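Trainee: I have a model open and would like to go through it with you. Could we take it piece by piece?

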Amino acid sequence: MSALEDVATDDDFKAKLASNAGKLTVVHFWAPWSEPSKHMNDVLLELSKEYTKVSFLKVEAEALPDITVKFEVLAVPAFLLFRAGQVVDRVNGANAPELTKKVSHHSSQSFPVQQGTAGQKQVLDARVKGLVGASKCMVFMKGTPDEPRCGFSRRMVELLNKHNADFSSFNILADQEVREGIKKLSDWPTFPQLYIDSDLVGGLDIVVQLSESGELEKMLPKKVALEVRLKELINSSKVMVFIKGSRQQPRCGFTRATCTILDETGVEYGTFDILQDDDVRQGLKKFSNWPTYPQLYVDGELIGGLDIIKELKTAGELMSTLGGQ
């Protein structure tokens with residue numbers, strides 16, 4: 001495992017914070033185009049060698065805007081220090097000496113988990129509950145869905161995949177504290193364990209029974225085939241544009257220019273922020289055979305990107321293309 005872990009999704013962020021609840025976690029909000037951010041990633045790698053009991057994460061700010069906005073990150077690089085899921089400090093900008101000082105200070109602070117059995121239990125309970133609620137459908141298993149480490153876990157994954165379930169998982173073999181904490185929380189002594197909306201469904205035997213009765217199909221959140229989802233998004237508005245950011249907060253110049261032109265027409269249009277969903281971002285490029293963003297659609301048909309929009313405006317054809325008067 002890398003000493004500096006990437007955060008892939010909002011649920012991944014929640015799960016990693018919950019998993020690291022018993023220690024200091026440093027989160028770097030960065031961007032691949034920012035040279036100071038790249039430099040600070042190297043700084044974090046060096047810090048990780050010295051502070052081996054500290055967890056270091058990095059969040060691509062533009063790719064996960066909900067997290068970025070939630071923690072009021074206005075510019076990159078920025079660093080938030082967490083304990084038990086709560087922000088305890090922050091550093092804005094590429095200030096390596098200040099960050100080093102704060103990591104040293106907070107890593108040396110005694111943590112409530114060390115203050116006795118009651119404190120340990122409280123922190124572990126919070127950590128376990130955070131993991132249980134990290135995804136709508138959560139499986140605690142031995143191994144991973146790709147590499148299950150026991151027959152019961154393998155069978156659980158097979159059943160969930162058979163029902164096209166959208167689920168996350170936690171490998172209890174990787175963390176003995178969570179393994180024991182989950183058993184106490186659920187009062188269920190064996191694994192795997194399936195949770196939906198933070199409520200225990202049961203182990204493999206219960207899940208098999210629910211599957212055979214047809215109840216499981218109704219309970220599970222479903223994965224939506226990407227092509228079906230793309231068609232639904234494209235047709236969610238008569239005029240639909242896929243952009244980086246939002247109309248109010250565009251995240252690139254092409255998006256800003258596109259929204260400005262469309263706003264000038266007065267035609268109502270929907271938007272989708274492709275930075276929020278990499279599956280849509282990559283899938284739509286293949287679906288439309290159009291490699292860049294923004295992408296404008298009218299009545300489910302691709303019109304094109306900013307260059308096409310500008311050409312239509314110059315030719316006086318944009319309003320008729322959009323279906324305006």
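Predicted model: local features only at pLDDT ≥ 70, side-chain atom pairs only at ≥ 80, totals over all residues.

Trainee: What is the strand order in the open sheet of 4 strands?

Mentor: The order is S7-S6-S8-S9, with mixed pairing; strands here are DSSP E runs of at least two residues, helices are H or I runs of at least four, both numbered from the N terminus, and two strands pair if DSSP finds at least two bridges between them.

Trainee: Which strands stand at the edges?

Mentor: Strand S7 (168–171) and strand S9 (199–202) do, and each has a single partner strand, so one side of each lacks a neighbour in the sheet.

Trainee: And in what sense do S6 and S8 pair?

Mentor: S6 (residues 137–141) and S8 (residues 193–196) pair in the antiparallel sense over 4 bridges, and Phe140 stands opposite Gln193 in S8.

Trainee: How many residues lie between S4 and S5 in their hairpin?

Mentor: There are 2 residues between them, and Ala84 in the turn has a positive phi of about 50°. The strands themselves, S4 (residues 78–83) and S5 (residues 86–92), pair in the antiparallel sense over 6 bridges, with Ala78 opposite Asn92 in S5.

Trainee: Switching to helices, at what angle do H10 and H12 pack?

Mentor: H10 (residues 226–234) and H12 (residues 278–288) pack at about 85°, with their axes 10 Å apart; axes are lines fitted to C-alpha atoms, for helices over the stretch in contact, and angles run from 0 to 180 degrees between N-to-C directions. The two helices are therefore roughly perpendicular to each other, a label that covers 65 to 115 degrees.

Trainee: Which residues make that contact?

Mentor: Among them are Leu226, Leu230 and Ile234 of H10 and Val280, Leu284 and Phe287 of H12, where contact means heavy atoms within 4.5 Å.

Trainee: Last topic: how many disulfides does the structure hold?

Mentor: It holds 0 disulfides, a disulfide being a pair of cysteine sulfur atoms within 2.5 Å. For Cys150, the nearest cysteine sulfur, that of Cys137, is 17 Å away.

Trainee: Is Cys150 buried or exposed?

Mentor: Cys150 counts as buried because its relative accessibility is 16%, and buried means under 20% relative accessible area, exposed over 50% and partly exposed in between, with a 1.4 Å probe and protein chains only.

Notes:
Residues numbered from 1 in each chain as written. Heavy atoms only, no water. Parallel < 35°, antiparallel > 145°, perpendicular 65-115°, else oblique.
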